[in-house]
Every structure is written in structure tokens, then in C-alpha cells.
Amino acid sequence: METNKKILFTLSLLLYFVCCNAQNTTRNFVLKISEDGESTLAAYLPTKPSGRAVVCLPGGGYTHLAIDNEGNNWADFFNRKGIAFFVLKYRMPKGDRNIPISDAMKSMETVRDSAACWNINPYDVGIMGSSAGGHLASVISTKADFYARPNFSILFYPVISMDKSKSHVGSCDNFLGSGVNNKELVNEFSTDMQVRTHLTPEAVIFLANDDGGVPPLTNGLAYYAAMRRNGNKCSLHIYPTGGHGFGFKKEFAYHEQLLNDLSTWLDNHKSPSKDAIRVACIGNSITDGYGIDMADEKGYPAMLQDQLGDKYDVKNYGVSARTLMKKGNLPYVKELAWRDAKAFNPNIVIVKLGTNDSKPENWQFNSTYQKDLEAMVDTLKSLPAKPQVYLATPIPAFKGTWNINDSVIVNGIIPIIKKVAKKKRCKIIDLHTEYSQYGGLVQADGIHPNAKGAAKMADIIFNSLSCESQRKTVCGK
């Protein structure tokens, strides 16, 4: 591990020297990604950087790379839009999937490590992949840790399934090797099965209807369906003809339309400023947006983003059914969302947990609630950004669905939240009181707000943010 850190540090110094002497000049230079020099990253920097970057993974069935048609030939298109473009020559798996995965993850980390030097916003780094490269890009999008995971994905006729009966046989064989018939492994790397609500980045997918190499229905369309099913933002473009591997080929009948479609998507894809105030919304299904179609756009965190504006970057880290207490049946702190929320290094955190803790099967461990809440607050406050933590009380349980008990919320949980807020110098958002008059804005279960209720929650939270500590940014004073 220490050796790898030294290598990365040396590489970062080299990157700094190269890029700082290349500013304001379109420059192509190649960086070593793997120690053996077999994996490299070709960098194309725009003369007028927008702050956005894309790491490109060409396809080739995990046997070779279509490095020009699906890689280098795209550089001018992106550079003209002010986007830094990087083409990864990743190593072939030869049955060891960790080889290309590690190359792809390191390329993402390398771009973010040198973001300041290359005039890149580290919160606006996307990944692009074609065919097998699209599969690798989707693996990084769904399975990589926060720092290596892209902020958006561009997928051209991607291999998505690792089930040979539904996909490109060679890609499956080469990527999984001896594990190609292992059902558990096939499911793990069939990335439509790995899409996670809020955590898998927004994607745009380009397909040809007559693709005979990678069946669109069980691959590209399956990924789109998984994204849509999970309420994540995703766009899909299917051209009548073009077969497989059209890439940047100018003879592709819909080449100009493809460029226009991608350009329009990029222009309309919202990205946070690198100096945006980061807001993490931590919570259970109410934060998650349970029962709200397209919760990533209509849940309370999304509505809060709209109210706060582009000087803020609000992320939804809600996970349904989770408890604050570690002894609860589904502890929040065991979730990827908790790890992501910390890695996000927020400036403001809104914690809204406790509803599921009120269930008798969980509240039997009530003696641990205060300790676990204090531990969560301490962890958050120890992050590098030293965030202001807001503790939100649960909204009323208008019905006792799923054994949720409003009496326990009022008499047991809320007093502890207030006690911890005072002890740890957190701000309180009294959702229970403020939302009590909006019983008509919940779903039939009496627990979860509908879309209008989520918007009302966002109103309450926005108005509750401390005007004293955030006077210049929230109150505009």
C-alpha cells in the first residue's frame, strides 16, 4: 500500500509539471497508469477549459481496443466544448477482471488527483465507454468507491449482462474467465443488477436498433430500465440502423445526429461548481423518496437543491427502512450511502433518522439510541470540511403502518435528538411540529410524503437552515 502511495505521489508530481506547462495549449500527452507500463492514459486538454472532464474506455470485446474510433477520434469533439478528454488504454483481463477494473479506477483517481492543475472540477468527471468498454464503464459507475466513481456516464452500445445467453459471448468469457458459469459472479457483474438508487451516476446511452453484436434489449435497454426503475436520471437514444461499433465513424448514417444528441445532453447536464457548498441529506425511506416516481428529481433533497440554487450541491443519501441504532434490524451505518456521505465531505449535513427506530423490534434497544446518534454526529464533525450538522426530527407517523409508533417518536426519540443537538452544538429542524398540519400530503400508508409532501419538507428544511451561520449564502444577507 505504501509503495502504491509513493508511486501515485511521484506520478502526481509529474502530472503537475506536465500540465502546468501545457495550460492554454491543446496538448496530447500520455501517462503511465500501471507499473508495467502496459496501461496508459492519453490526455487531451482544451484551450478553454469548462472544468468538465471525461475518461474514455474504448471497446474491443476485452481482447483488444478500438482505440481510435471509440477513443482518440472523439478528442476534438470534447475539447471544442471545453471538456478535458482522456483515453485509457486498459489491460486485457485474460480471465482476471480485476486487471481492467484497477486500470479504470486508477485513471479516474488520477484525473481527480490532478484536477486543480488541469483546470478540472473534481465533482464533474464523467466516464465514457463503448461495447466492452461500456461494460467496464458501467462497472466503475455501479461498483467503484466514491472517489473512483464518475459523476456521469456516457455509454455506447454497452455490454451490460455477463450472461452469455443475453450478451456478447467473448466479452463474458474474457472478463469472467473460469467464473463465467458462476451464477453469483454473473449477477455481480451484470451491471443492470448493480444500479443503486441515488448513488449510480446519471447516464446517457446510445444504441443502434439493428445491433447484432450486443443485443440492445438485454444490455443497453436493460441498464436504462434499471436506472429508471431506481428513479435515477437516464437518457436513451436508439438509431434505426448502424449495427455495432459505429463509434465516431463519419459514414455512420446518423453521425451528425449523434453528435447533436450528445452535445445537447452535455449542455443540459447540470454540474455543481467546484466551489459549491456541499449538502448531504442522510436518512431513511422518507429522505430516499419511497413511493415517489423519479425520487432523484422529486424527493425532498432534489427540491431543496432547486431552492438553494447552483451555489449548492445537494446529495440524497437516504436508504429505505434503515435505523439510526446499530442494533436495529437494518442499521444505516452499514450502508454504502453512509460511506459515500462521508466521502462527499459535506459542508452541511441534514440527519433525519428515527422513524424506523420507533418499531418495537428496534426500540427494545432504545438505551443505545443516544450513544449511536452522538457517534454519528462526532464522525460527521470530524470530516475535513467540519460540517454544520442539522438534526431533523421525524415527521409525524399519521398511521402506525409497519409498526412505526408516533408515541415513541414524540416521547422517546425526539427528546434524545434535542438533547444530543444541545450537547453536540447541532442545529434542530423540527419537522415533527412543522409537518403535523400536512397529513393530506402523505401516501396511503400515512408514513411517507407524496411528491407535494416532499416539496413541503424541502420548504420547511430550507426555512429552518440557520440564517445566522449561513447568512450570506442562504438568506442572501
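Predicted model: local features only at pLDDT ≥ 70, side-chain atom pairs only at ≥ 80, totals over all residues.
Local features need pLDDT of at least 70 and side-chain atom pairs count only at pLDDT 80 or more, while totals for chains, interfaces and linings use all residues. Residues are numbered from 1 along each chain as its sequence is written, and side-chain values use heavy atoms, with hydrogens and water left out.

Five strands form it, in the order 10-9-11-12-13, with parallel pairing. Strands (E, at least two residues) and helices (H or I, at least four) are DSSP runs, numbered from the N terminus. Two strands pair if DSSP finds at least two bridges between them. Strand 10 and strand 13 (427-429) are the edges, and each pairs on one side only. From one strand to the next, the twist averages 20°. Angles run from 0 to 180 degrees between N-to-C directions, and axes are lines fitted to C-alpha atoms, for helices over the stretch in contact.

Look now inside this sheet. Strand 9 (277-283) and strand 11 (348-352) are joined in parallel by five bridges. There, valine 279 faces isoleucine 348 of strand 11.

Helices lie across the strands. Helix 15 (406-424) lies across strand 12 (388-392) and strand 13, and runs at about 165° to strand 12.

Strand 12 holds valine 389. Is valine 389 buried or exposed? Valine 389 is buried, because its relative accessible area is 0%. Buried means under 20% relative accessible area, exposed over 50%, and partly exposed in between (1.4 Å probe, protein chains only). Leaving out residues up to four places away in sequence, valine 389 touches Val349, Val351, Leu380, Lys381, Cys426 and Lys427. Contact means heavy atoms within 4.5 Å. Asparagine 268 is 121 residues from valine 389 along the chain, and their C-alpha atoms are separated by 32 Å.

Strand 4 (84-89) comes next. Five of its six residues are buried, so strand 4 is largely enclosed by the rest of the structure. Strand 2 (40-45) runs antiparallel to strand 4, and five bridges join them. Leucine 41 has leucine 88 of strand 4 as its bridge partner. Strand 3 (53-57) pairs with strand 4 in the parallel sense, over four bridges. Here valine 54 stands opposite phenylalanine 85.

On a 1 Å grid over the protein atoms alone, a cavity is a set of points where a 1.4 Å probe fits but cannot get out; a pocket is an open set with protein on both sides within 12 Å along at least five of seven lines; lining residues have an atom within 4 Å of a point. Grid points are joined across faces, edges and corners, and a volume is the space filled by probe spheres set on the points.

The largest pocket holds about 1200 Å³. Its lining has 38 residues, with Lys270, Pro272, Asp313, Val314 and Lys315 nearest the centre. Helix 10 (295-298), helix 11 (300-308), strand 10 (312-318) and helix 12 (336-343) each give two or more residues. Strand 10 gives the most, with six.

One cavity reaches 30 Å³ or more. The largest cavity holds about 40 Å³. Leu324, Val351, Leu353, Tyr369, Leu373, Leu391, Ala392 and Ile417 line the largest cavity.
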